[in-house]
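Let's take a walk through this structure together. Have the picture open while you read, and look for each piece as we reach it.

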Amino acid sequence: MKDLNTSFKQPNSQQAKVKDYLVAEPADKSDFDVYHLFKKHDFSRSMHALTESVWEVISWKSKSRYDTASDQYTRIFMPKLFIISSLIMAFSYFNDKLNCLVHKRLETSKDFVQETCWIQGFYIYHEMEDHLTNSAFYGIPEETSKDGMNINGALCETKNRQKENQPHCRPMTRRYFLHYQWIPFYVCSLAVLYFFPYLIFKFGNADLISLVDYIRTGGFKDVDKIVNNYFNYKINSKLKMRLIVWFNIFIKLLFILVNVSGFILTDFVMGGRFLSYGPSWLRWNELPNDVAHNLMKSPAPKPGDYFLPSVGLCNIHEMLKNERATYTDEHVVICEISQNIRYQYIFIILWFFFVMGCLISVLGLVQSLFVLAKSMYWVSYPKHVGKKSLSDCVHSQLTLREMEYLDKIRQMDMTMYGEVLRELTRFKPDIHVIKKFQTADGEVMLLPSAPLGQHNV
């Protein structure tokens, strides 16, 4: 303990000694508690660093952003949801183990059987969906040897004990599933797909991004500089602003396409069973508890089992050799895949957020079209718009893109918004004739009597 106390007093010179002390097991029993104290402290620091890294990924910082709330749902919330889901799935991927029923006749280790089944995949019988009363587990007959069905719909064996085919027994269709192997990586890759439209948005909205970044910077902000650069047609032409407005409508359509494509793509990779997973789960949840969880009483299989079965069959081939000949035997093994249980819960949550993403992106497009139509009417027919406020007077003289600038300024800094409005009265051709306006309270307020001038390019 003397050396350890010295290391506390002289951390710089004795750092290597402390490190060696932590790595090596203590020889003296009196130092046993101190050793584990350091070991626990080192583990806690590692876990704390890992927790901070994960929290940095999933946290949502409240700040003014460049895009609208509907776009933020797709490009911020959904990727974070995919990353969290893939992390949970990855935990199952690396920690959960398969459990297979291995018969004593199979002269192979259980670990070998489970690893082989994990690699080659599992299967159930498609026709067993209509024979729940004859099923041991979903998609698996009570007698695994009965792998066929006759013309009357009864289960039968396709081969007899002599391994000869039975012509009256038609083999049932096998449905293989190996999603537990790669589905965490697929879910994580969806985050890239959902973030892609935002990259294109930033490419076409450099003007709005620079405006937001300028307002975010603290300290003194030159309102005259904002008006001279963003509301000056010699620098920021009307044609350019018009193209950006229609470009943003295309971005809205792209967000809808991404949400719908992610939904359909997930349905495709899950064998066409994902789109109906949510509605079937809602219907099944309405059944009485004793019926919903009883395979013999339930009118339909559990939505989770239908979507991604948690128990499956696996065929193991065994070869035996003696002095006379070589014999090959095939064993049917029943295995429980615990990973699929967790996947069922994750995917039902993802289903609802997929649907919300499609609806929110559509509402985002509708809202943008409404604002665009309102602004176009405002610009095209300024006489029909009542000029009760300074904001109305200024907006009637602006382009659609300039209105977006003002809306973003109003959202971020109301004080600057008022200053920009007053500054615009000096530069727009028809605004300066307005010497006063009436507030909602009926009071008349005069505009600043600043001298009019030309644009400084």
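Start with D213 and R216, which form a salt bridge whose closest N and O atoms are 3.8 Å apart. In this predicted model, both residues sit in helix α7 (residues 206–216), three residues apart, or about one turn of the helix. How buried or exposed are they? D213 is partly exposed, at 32% relative accessible area, and R216 is also partly exposed, at 35%.

Some of them reach across the chain. Take D71 and K252, with their closest N and O atoms 3.1 Å apart.

R273 counts as buried because its relative accessibility is 9%, under the 20% cut-off. E129 counts as buried too, at 17%. There's also a network of salt bridges, which links D207, R401 and E404.

Now trace helix α9 itself. Its 32 residues (238–269) reach 46 Å from the first C-alpha to the last, close to the 46 Å expected at 1.5 Å a residue. After α9 comes G271, with a positive phi near 75°.

Where does UniProt place transmembrane regions? An unreviewed entry there puts them at residues 73–94, 182–201, 243–265 and 348–373. In the model, residues 73–94 are 100% helix, with end C-alpha atoms 30 Å apart. Residues 348–373 are 100% helix as well, and their end C-alpha atoms lie 38 Å apart.

On the surface, F195, F196 and L199 form a nonpolar patch with about 270 Å² of accessible area together. F196 is found in helix α6 (residues 179–204) and is partly exposed, at 43% relative accessible area.

Finally, find the open sheet of three strands, ordered β6-β5-β7 with antiparallel pairing. β6 (155–156) and β7 (170–171) are at the edges with a single partner strand each, so one side of each has no neighbour in the sheet. Two bridges join β5 (residues 148–149) to β6, and M149 stands opposite L155 in β6.

Notes
Residues numbered from 1 in each chain as written. Predicted model: local features only at pLDDT ≥ 70, side-chain atom pairs only at ≥ 80, totals over all residues. Heavy atoms only, no water. Pairing = 2+ DSSP bridges. Helix = DSSP H or I, 4+ residues; strand = E, 2+ residues; numbered from the N terminus. UniProt positions renumbered as here; feature names shortened; annotations may be inferred. Expected span 1.5 Å × (residues − 1). Patch = residues over 30% accessible without salt bridge, like charges linked within 9 Å, V, L, I, M, F, W, Y side chains within 5 Å. Areas by Shrake-Rupley, 256 points an atom, 1.4 Å probe, with all protein chains shown as cover. Salt bridge = Lys/Arg side-chain N within 4 Å of Asp/Glu carboxyl O. Buried < 20%, exposed > 50% of the residue type's maximum accessible area, 1.4 Å probe, protein only.
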